[in-house]
Amino acid sequence: MKFVIIGGDAAGMSAASRAKRNQPEFEVTVLEQTRDVSYSACGMPYNIADAGRSMEDLVVRQAEVFIEKNKINLLTGHRVTGIDPGTRKVMGVTLENKSFTMKYDALLIATGAGPRVSNVPGMDLPGVMPLKSLEHGKKIKAFIDEQNVKKAVIIGMGYIGLEMCEALCVRGITVEMVKPGPTFLPWMTPELSREVEACVTANGVHLSCGHAITAITPHGGGGLTVMTDKRNFVADLVISASGVTPCSELAVAAGLEIGISGAVAVDDMMRTSDDRIYAAGDCADAIHVVTGKKCWIPLALRANRAGWAVADNVCGKETRLQGVAGTAVFKVFDMQVARTGLSLKEAVNEGFDPAEVVIQSRSKAHSHPGSGIIHVSMVGDKKTGRLLGTQMVGTDGVAHRINAPAVALHAGMTVADLIQCDLAYAPPFGPVWDPVLTAANQLIKRL
């Protein structure tokens, strides 16, 4: 069995390692276009914040370990340029500009997602950088040190933009954030979004929503000018953080079915429209456990889990994945922000008859030192009583608390079911009535 994998990060290396564990006799080859494999991309903003740390600290396992210990044929610097499903071959070119062709019995496309780069003039100027790959992280960190960056503009206000906003501030860099859209966090309940916005601005970051970027030009005194339809922003460094898009070009060219948001369409076994080709990770779509519909939510846990599933299926052990709830958490300064499932607006758009409550509680018992405020939004369906989604923000106790409603969503629980859950209590960890239970108790009244 010749199992070929395109892409050497989360989904790709998870699949390769598991396949060799399942079937040591399989010939497993990974083709990675860069020199970096198996690294913690999510840790890059925190690494950039620490001037004394090397970006190499984010590498989970060196390529040599996969080659020598796991016996994986890992070929870095090998960029695949085409797939021929008819002859079951992949074609490509190395960094040394040498062509290669490789035959497969089973193929995994694990090409991930790439930064969404605007076609605005000047996005290719030195000092304008995205943050998606380890190479991007290395370039940003080196640029900050070498150019003595004092002021930065971040285009976008999503997860990565906000994490980078904190990282740059920690480095003593003045930060302005700009986005074309009119709302700070459009996917978040407004009451919670305002709490996050207040935290960001309290740390000296200037937010400019509703500013359409028209061009980026070199600044006369050095640095860059970000030009918008309302005003201009001068900076030494511009971070492009306007989101990501699935890297599905190879699948498109090979004639495979493409799904929502341009991601590769897969079934619950990660098979594409060609039974011998799988796709996993940020390049592939998924089923949403709340709506039952296809979605594209690129997150790390799904990528690793999907890689395992592909390996099991290639090795003859049928494995099906349930889906995703869109559970996510990030930190900006001292604020933790988390979500799972649908917001009120998303629930309406999906055809539910939803109700929402927003409550304020505490992360610990009221008399315990260090207790912080937690704001919780919870959404349920009036017709069925089913839990549809939860959002939380607070300075303490948010990151792991979101996991309870996430599990409830996967189990298809009603809000009434959630109220009956036996959640842990002790004063250092929460009030007797956990904020999740308080929100559920209030939501049941609306339902």
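The structure holds 18 salt bridges. The model is predicted. The exercises below start from these pairs.

**Exercise 1. Which residue pairs with lysine 2 in a salt bridge, and which strands hold the two?**

Step 1. The side chain of lysine 2 meets that of glutamate 27, at 3.1 Å from N to O.
Step 2. Check the cover. Lysine 2 has 32% relative accessibility and counts as partly exposed. Glutamate 27, at 41%, also counts as partly exposed.

**Exercise 2. Find the salt-bridge partner of aspartate 36 and state whether aspartate 36 is buried or exposed.**

Step 1. The partner is lysine 138, and the closest N and O atoms are 3.5 Å apart.
Step 2. Aspartate 36 lies in the loop between β2 and α2 (44-49), while lysine 138 lies in helix α4 (residues 134-146), 102 residues apart.
Step 3. Buried means under 20% relative accessible area. Aspartate 36 has 12%, so it counts as buried. Lysine 138 has 22% and counts as partly exposed.

**Exercise 3. Locate the two ends of the salt bridge between arginine 320 and aspartate 268.**

Step 1. The N to O distance is 2.8 Å.
Step 2. Arginine 320 is in the loop between α8 and β21 (328-332); aspartate 268 is in the loop between α7 (249-253) and β18 (277-279). They are 52 residues apart.
Step 3. Arginine 320 is partly exposed at 45%. Aspartate 268 is partly exposed at 30%.
Step 4. Look for shared partners elsewhere. Asp36, Glu56 and Lys138 are joined into one network.

**Exercise 4. Describe the cover of helix α1 and what its buried residues pack against.**

Step 1. Helix α1 runs over residues 10-22 and reaches 18 Å from its first C-alpha to its last, close to the expected 18 Å.
Step 2. Of its 13 residues, 10 are buried. Among them are Gly12, Met13 and Arg18.
Step 3. The buried residues pack against elements including β1 (2-6), β2 (27-32) and α8 (300-314).

How values were computed:
Residues numbered from 1 in each chain as written. Predicted model: local features only at pLDDT ≥ 70, side-chain atom pairs only at ≥ 80, totals over all residues. Heavy atoms only, no water. Helix = DSSP H or I, 4+ residues; strand = E, 2+ residues; numbered from the N terminus. Expected span 1.5 Å × (residues − 1). Buried < 20%, exposed > 50% of the residue type's maximum accessible area, 1.4 Å probe, protein only. Contact = heavy atoms within 4.5 Å. Salt bridge = Lys/Arg side-chain N within 4 Å of Asp/Glu carboxyl O.
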